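My entries follow in the order in which I made them.

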Amino acid sequence: MTNEAIGKELERIWINNGDELFGYVNSMVRGAADTEDVLQNAFLRLARTLEKGTAVDNIRSYLYRIARNEALRLIEGRHRIPIPNDELETSIVQSPQHHVEAEMDVSRILESLPQEQREVVILKLFQGFTFDEVAEVMGIGPKTAASRYRYALEKLKRRKSVMREVKRNVAQG
């Protein structure tokens, strides 16, 4: 592949995946500058892979895997915890401005999940990955991805019923 062809392919990949990938990485590293650094490194690694002519079955999953690894490397290098529980960027959900409150509710709900479950939910629901793709990105088996997703949904359902009960008690007063 020529440098020009690689450049065009990277541009096509960015156009098709850039916004979602930015949201995913930003949910891990929490900051636009760090997210941009991670994505730059991920695309450099992808360019090297394309340059070598290495066959990649699923370029989207491969790119997310590279970006995830780069994000974890950045986090470990700075002794930070991935996807902190105190605040989760609302960039995970892309919606019109009038849905900001709903985005914050989603962020608060996701905060209650363990990191591994939260990451599966983000990839599955917000990025549209299959369990096979989630497994590839996270370096786990598809059955593990599915079970983490199932456990996350169970926790979210329990939390929802508890919140309903609290609201009912507050309303009764």
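**Terms and basis.** I count a residue as buried under 20% relative accessible area, as exposed over 50%, and as partly exposed in between, with a 1.4 Å probe and protein chains only. The model is predicted: local features need pLDDT of at least 70, side-chain atom pairs count only at pLDDT 80 or more, and totals for chains, interfaces and linings use all residues. Residues are numbered from 1 along each chain as its sequence is written, and side-chain values use heavy atoms, with hydrogens and water left out.

**Overall layout.** I looked up the secondary structure and found 7 helices and 0 strands, in the order α-α-α-α-α-α-α along the sequence. Helices (H or I, at least four residues) and strands (E, at least two) are DSSP runs, numbered from the N terminus. Of the 173 residues, 38% count as buried. I then took contacts, meaning heavy atoms within 4.5 Å. Among contacts between residues at least 6 apart in sequence, 65% join residues at least 24 apart.

**Core.** I next asked which residues have the most contacts inside the largest nonpolar core. That core has 37 residues, and the ones with the most contacts in it are L21, Y24, V25, V29, L46 and L123. Contributions of at least two residues each come from α1 (3–29), α2 (32–52), α3 (59–77), α5 (115–126), α6 (131–138) and α7 (142–172). A nonpolar core is a set of buried Ala, Val, Leu, Ile, Met, Phe, Trp, Tyr and Cys residues joined through side-chain atoms within 4.5 Å. Leaving aside residues up to four places away in sequence, L123 touches Y24, Y64, G128, F129, V134, V137 and M138.

**Aromatic pairs.** Rings of Phe, Tyr and Trp (its six-membered ring) pair if their centres lie within 6.5 Å; planes under 30 degrees apart are stacked, over 60 edge-to-face, and the rest tilted. Y64 and F129 form an edge-to-face pair, with 4.5 Å centre to centre and 70° between the planes. Because Y64 lies in helix α3 and F129 in the loop between α5 and α6, this pair ties together parts that are 65 residues apart in sequence. Y64 is buried at 0% relative accessibility, and F129 is buried at 1%. The rings of F131 and Y149 have centres 5.4 Å apart and planes at 70°, so I record this pair as edge-to-face. It joins helix α6, which holds F131, to helix α7, which holds Y149, across 18 residues of sequence. F131 is partly exposed at 24%, whereas Y149 is buried at 14%. Ring pairs also link Y24, Y64 and F129 into a cluster.

**Charges over rings.** I checked where NZ of Lys or CZ of Arg is within 6 Å of a ring centre and within 35 degrees of the ring normal. The charged end of K124 sits over the ring of F131, 4.6 Å from its centre. R150 lies over the face of Y151, at 5.3 Å from the ring centre.

**N17.** I noted N17 in helix α1. N17 is buried, with a relative accessible area of 9%. Not counting residues up to four places away in sequence, N17 touches R60, L63 and Y64.
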